[in-house]
Amino acid sequence: MLRRVLSLTAGRVSAAILLAIALLAVLGPLLAPLDPLAVSDDTLAGISGSHWLGTDYLGRDVFSRLLDGSRASVVGALEVTLMALVVGAIPGILSVYLGRVFEWVTLRVADTLIALPFLLFAVAITALLGNGITQAMLVTGVLVSPLFFRVSRAATLAVARSQYVEAALISGASLPWIIRRHVWAKVLPPIAVALAQTLGVGFIIVSSLSFLGIGVQPPEPTWGGLLASDLGYLDYRPWAPFAPALLIMATVWASNLLADAIRDVSGEAGRALLNSRKVRANQAAAAGGTA
């Protein structure tokens with residue numbers, strides 16, 4: 001699947017952007033030219049050779065804070081995505097095979113999570129567990145998990161009615177073997193699409209919560225926190241929100257673009273794409289042979 005995704009222009013562009021964001025998260029704190037927490041008397045300074053994005057209201061270097069805050073933003077989005085995947089996908093697959101009681105319970109839990117007021121519940125649970133980035137993101141991942149539950153359940157239902165799965169059940173194959181051998185390969189493409197989409201949603205959630213001061217407390221930098229700190233000083237630095245907003249927008253756009261690319265190369269659309277490429281390759285080979 002990876003090779004087919006990268007064969008599309010959308011897949012290559014999205015992968016390049018997400019790879020750049022990942023490298024920024026790994027190397028950003030190391031590349032920061034100044035201490036992101038160090039204050040100075042040079043407050044609300046403009047762009048210069050010593051401060052590439054100026055300074056904030058406390059005289060801190062904005063470029064250094066942007067680089068240093070990339071790790072918390074990326075890690076938070078990954079925590080949301082992975083938590084939602086584990087909490088949602090596994091029960092979604094098992095709800096098809098573990099009987100009506102387990103199915104009813106998981107469906108009601110998913111409906112409850114969907115009905116909860118997202119932001120209020122995240123704030124309440126974060127306040128109860130402690131205002132840390134990990135607590136906030138794990139709680140948020142649970143709230144996002146119904147997406148994976150529904151996607152994995154729908155894909156598993158389609159596979160569970162197939163003749164080869166029923167034949168495996170009749171022959172006495174174990175449930176883990178059936179899921180690993182037959183179900184997982186069919187369920188993986190829609191889960192991969194949901195995973196890419198949730199990664200973009202995770203960045204929006206991390207930015208929104210950190211914008212409100214939830215999860216990461218000042219003065220620790222995050223992309224959302226940088227947006228919040230600039231709002232009161234737009235008269236002095238009206239261009240200040242563009243850098244963190246551009247990073248957030250680029251990451252979310254790349255995640256959605258990757259989800260579209262995965263969808264385009266999986267299932268019937270993917271097979272149609274491969275067949276059309278084979279036809280074009282055969283036509284080109286035939287034209288080259290006659291020439």
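Helices here are DSSP runs of H or I with at least four residues, strands are E runs of at least two, and both are numbered from the N terminus. Keep in mind that this is a predicted model, where local features need pLDDT of at least 70, side-chain atom pairs count only at pLDDT 80 or more, and totals for chains, interfaces and linings use all residues. Residues are numbered from 1 along each chain as its sequence is written, and side-chain values use heavy atoms, with hydrogens and water left out.

Let's start with the whole chain. It has twelve helices and zero strands, and its C-alpha trace spans about 75 × 65 × 30 Å along the principal axes. Of its 291 residues, 41% count as buried (under 20% relative accessible area; exposed is over 50%, partly exposed in between, with a 1.4 Å probe and protein chains only). Taking contact as heavy atoms within 4.5 Å, 72% of the contacts with a separation of 6 or more join residues 24 or more positions apart.

In the model, residues 12-32 are 95% helix and 0% strand, with end C-alpha atoms 28 Å apart. For residues 80-102 the figures are 83% helix and 0% strand, and the end C-alpha atoms lie 25 Å apart.

Now for the loop between H2 (9-31) and H3, where Leu44 sits. Most residues other than glycine have a negative phi, yet phi of Leu44 is near 50°. Leu44 is partly exposed, at 23% relative accessible area. Arg60 is also placed in the loop between H2 and H3. Is Arg60 buried or exposed? Arg60 counts as buried, with a relative accessibility of 4%. Setting aside neighbours within four places in sequence, Arg60 is in contact with Pro36, Leu37, Ala38, Val39, Gly54, Thr55, Arg65 and Pro219.

Next, the helix packing. Two packed helices are described by the angle between their axes and the distance between the axes. The axes are lines fitted to C-alpha atoms, for helices over the stretch in contact, and angles run from 0 to 180 degrees between N-to-C directions. The axes of H6 (residues 133-144) and H7 come within 5 Å and cross at roughly 40°. Val142, Leu143 and Val144 of H6 make the contact with Pro146, Leu147 and Phe148 of H7.

H7 (residues 146-160) also packs on H9 (residues 175-211): their axes come within 9 Å and cross at roughly 155°. That is why H7 is roughly antiparallel to H9. Among the residues that meet are Leu147, Phe148 and Val151 in H7, and His182, Val183 and Lys186 in H9.

Finally, look at Tyr97, in the loop between H3 (62-94) and H4 (99-115). Which residues does Tyr97 touch, not counting residues up to four places away in sequence? They are Thr156, Ala160, Val165, Leu175, Ile178, Ile179 and Val183. Tyr97 and Leu175 are 78 residues apart along the chain, but their C-alpha atoms are separated by 7.9 Å.

Note on methods: Angles under 35 degrees count as roughly parallel, over 145 as roughly antiparallel, 65 to 115 as roughly perpendicular and the rest as oblique.
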